[in-house]
Amino acid sequence: MTTRLTVAQALVRFLTAQHTERDGERRRLIGATWGIFGHGNVAGIGQALVEYAGVMPYHQGRNEQSMVHAAVGYARQCGRLSAHAVTTSIGPGATNLVTGAALATVNHLPVLLLPGDVFATRPADPVLQQLEVPYAGDVSVNDTLRPVSRYFDRITRPEQLIPSALAAMRVLTDPVETGAVTLALPQDVQAEAYDWPEEFFAERVWTVRRPGPDPVELARAAVAVRAARRPLLVAGGGVRHSRAEAALAAFAEATGIPVASTQAGKGALRYDHPRDVGGIGHTGTATADELARTADLVIGVGTRFTDFTTASGTLFQHPDVRFLHLNIAPHDAHKLAALPLVADARTGLEELSEALAPYKADDAYTDEYTAAKERWERRVDACFASPDPDARPTQPQVLGALDALVDASDIVINAAGSLPGDLHKLWRARSRDQYHLEYGYSCMGYEIPAALGVKLAAPEREVWALVGDGTYLMMPTEIVTAVQEGVAIKVLLVQNHGYASIGGLSAAVGGERFGTAYRFRTEEGTYTGAPLPVDLAANAASLGMRVLRAGSVRELRAALAEARAADTPTCVYVETETSDTVSGAPEAQAWWDVPVAASATRTPAVTAREQYERHVSTRRRHL
């Protein structure tokens, strides 16, 4: 039997019948579709979404990149078992997807992109917003999505949709390959009718695999751990994707091995777990980084070992250090010339625990990192403390006020600027998914739309988007969506009059903070004048959000409590103290490689180059 539908109608109906399953839990694969309509999708996908409005929820976005961020936030909160689709018009609507697609793919988070495309039949050539490429008639702006997609296809004939849609679902549900999936849809093909086999619309369940380790690799891993005297485990985002937190806790408790965490892995153990030693790398704690410098075995679990984690190859300094990588992706498992243990994080940890029994780290080692952790917690307390409640808070004091208010059910979202460093060092994660940092792509503007997606996935939770003024100015538009749909996210807007993180980096590498402050331009050509008279709180209010202004620590505490209790989208606006004489977060505990000018006449750059060369000389190639 066949059913006559347009290509767009067939695709939407197909998507409603797709499900995932893992450990007996079944979820709808595509939970909803985000969209901004224009020519290229309004008459095709737009009409199909009206046709199937009863079974395919729709969310109206304001910016195409933001829609992808919202979808990514949703997918991460759902443990990658459910995702969202995003539809756009052709031209700029489609190219606005590129940044969001890169973010999704870098972080291995599923999102289905459905950009409109130019006519396949070419009745008019060129059409509005078409890119003309003299050497290739089959190229459109959607080809910019190829390198940032895990799967890409252009549907130029109706029957092509069948194998392509199935391939798309396979990639979205593959724990190794998942990321952005793009089906480019020419606007004429979207509206074309075809007789579809009924089997295409049958319910399908895609099993999310948990592959176990190879016995030979497992045996070698166990030998390596037993031989170690100062092992350190580094938990990455793969622990959370696998829902391996309980297995990690059991492994750490049984072995006594301390657990440090990347940005994506923070929260895999609660901050007060005896084995948790905090964040690692450039934004890590002194406890974790000192352990890393003396570790003779580094056990990576679900981490990509990026430059922030390895301090650009300078962190792991033991002369005989070796690496053991438990990762579901072979590409990552072999990094740093490691012993690979290719497996799902939860399955791998469980089997490694069994293979190791009854291994236990030395008591002296346990006592050492326990004492170091206690010392670090006292430093955190000092950063969070507010001696004068009527004074303007520092950024760590802002985090301290929020830390004192939230419980394990709250979710904190951040992505870029100076906040990720402070959060990685200082935040006390109380649950496996409280700490939501997008640091694989570290995309400014992610926080507010991602908060929307997370809140849609977990409507019973309080969701906080922590944004600086730089990030806020990049992408505040989804505030309107939150207001329109009644999604009660909370935005903590921190005003420090510029790009604080890059300003500090600029000063460190000889850039003298040029072009990093939001201030008037002086006659000398610098931006060191008075702060700009920009009222971001008024801007948020103009977009429909309730705004609470806080001018002091005392007012901040009250505003945060009021916002948390609110059932409407609410923003807490606070201006932070940024004077160099005011204590902030502890400085970086490890280096990060940002090349400094090799020749310069200005003293800051000359001095920075000398320091750079000293750090570079400590880099190691782990072979």
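Analyst: On a 1 Å grid over the protein atoms alone, a pocket is an open set of points where a 1.4 Å probe fits, with protein on both sides within 12 Å along at least five of seven lines, and its lining residues have an atom within 4 Å of a point. The model is predicted, so local features need pLDDT of at least 70 and side-chain atom pairs count only at pLDDT 80 or more, while totals for chains, interfaces and linings use all residues. Residues are numbered from 1 along each chain as its sequence is written, and side-chain values use heavy atoms, with hydrogens and water left out.

The second largest pocket has 21 lining residues, and Val118, Arg122, Gly137, Asp138 and Val139 lie nearest its centre. About 320 Å³ of space lies in this pocket, a volume being the space filled by probe spheres set on grid points that are joined across faces, edges and corners. Its lining divides into 10 nonpolar, four polar and seven charged residues, where Asp, Glu, Lys and Arg count as charged, Ala, Val, Leu, Ile, Met, Phe, Trp, Tyr, Cys and Pro as nonpolar, and the others, Gly among them, as polar.

Turning to the helix, H14 covers residues 345-356, helices being DSSP runs (H or I, at least four residues) numbered from the N terminus.

Beyond its neighbours within four places in sequence, Thr105 is in contact (heavy atoms within 4.5 Å) with Val148, Ser149, Arg150, Gly179 and Ala180.

Definitions and conventions: Helix = DSSP H or I, 4+ residues; strand = E, 2+ residues; numbered from the N terminus. Expected span 1.5 Å × (residues − 1).
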